[in-house]
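Subject: Structure for you to look at

Hi there,

Here is the structure I promised to pass on. Please open it alongside this note, and I will walk you through what turned up.

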Amino acid sequence: MTNKTVAVLGLGLFGASVAKTLARHDVEVIAMDKKMERVDEVAMHVEHTIQGDFTKLEHLEAADIGQADIAVVASGERLEEAILCVLNLKKIGVPQVICKTKNRDYHDVLKKVGADRVLLPEVEMGKRLGNELARHSVIDALRIDDRYNLVEIHPLKEWENKSIQALNLRQEYGFNIVALKCCVNNEFIINVSPDYIIRDGDLLFVLVEEKDLDRFNDMEDNN
């Protein structure tokens with residue numbers, strides 16, 4: 001990711017957070033907003049900042065946004081503005097466009113005009129909080145690509161006091177364990193032994209295909 005350039009268009013709370021986080025990870029960021037005060041605030045953290053209207057093709061071209069590998073449209077409250085921005089980003093050749101919106105009804109429209117991915121941050125955070133409060137097994141899921149998710153889960157009750165090898169999670173659920181946080185000493189384990197005994201309170205980090213994650217969630221909902 002560090003060799004890529006990401007354009008962040010719209011520097012409200014969400015966009016500014018994305019831009020600053022990327023910059024901390026040494027990703028080259030081009031940050032743009034209509035309001036100079038927002039640009040100035042992000043400029044302390046991001047090298048390339050521009051005041052401009054990202055719905056206008058000439059402003060995107062002047063800022064070399066077409067050189068970006070990914071563009072994040074972080075201001076999705078107004079559908080017309082988001083559509084114009086997505087269309088113009090595709091026109092100047094940005095390979096991947098990620099669009100944030102607060103409105104479920106905008107999702108399909110933005111996908112149809114060219115957005116490669118549409119985020120509903122409030123919905124995702126609501127799901128995460130609900131899962132935490134209900135102690136649903138799946139706490140959080142990070143989409144890696146169109147096929148895989150990196151998922152943080154609590155062990156099911158029937159997994160407790162059994163070894164990873166005995167549970168055969170890969171065959172049963174399609175789960176590939178990449179890390180584990182032990183509840184006994186809060187140790188974060190990268191190379192998880194197949195003989196590790198799972199306990200209540202452990203956290204598992206697994207790589208799983210979308211279809212297997214859906215199947216697991218459906219199974220839990222039906223129990």
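How many Å apart do the C-alpha centres of domain 1 and domain 2 lie? They are 33 Å apart. Please keep in mind that this is a predicted model. As for the bounds, the domain assignment of the protein puts domain 1 at 5-124 and domain 2 at 133-218.

Next, the nonpolar cores. The largest one has 23 residues, and the members that touch the most other members are L9, L60, I65, L89 and L110. At least two residues of this core come from each of β1 (5-9), β2 (28-33), β4 (70-73), α4 (79-91), β5 (96-100) and α5 (106-112). The biggest giver is α4, with 4 residues.

Setting aside neighbours within four places in sequence, I65 is in contact with A7, L9, I30, L60, L89, I92 and V94. Apart from this core lies another, made up of 20 residues, and I164, L204, V206 and L213 are among them.

Is N88 buried or exposed? Its relative accessible area is 9%, so N88 counts as buried, the cut-off being under 20%. Not counting residues up to four places away in sequence, N88 touches T55, K56, L57 and L60.

Best wishes

Definitions and conventions
Residues numbered from 1 in each chain as written. Predicted model: local features only at pLDDT ≥ 70, side-chain atom pairs only at ≥ 80, totals over all residues. Heavy atoms only, no water. Domains from an automatic or database assignment. Core = buried A, V, L, I, M, F, W, Y, C linked by side-chain atoms within 4.5 Å. Buried < 20%, exposed > 50% of the residue type's maximum accessible area, 1.4 Å probe, protein only. Contact = heavy atoms within 4.5 Å.
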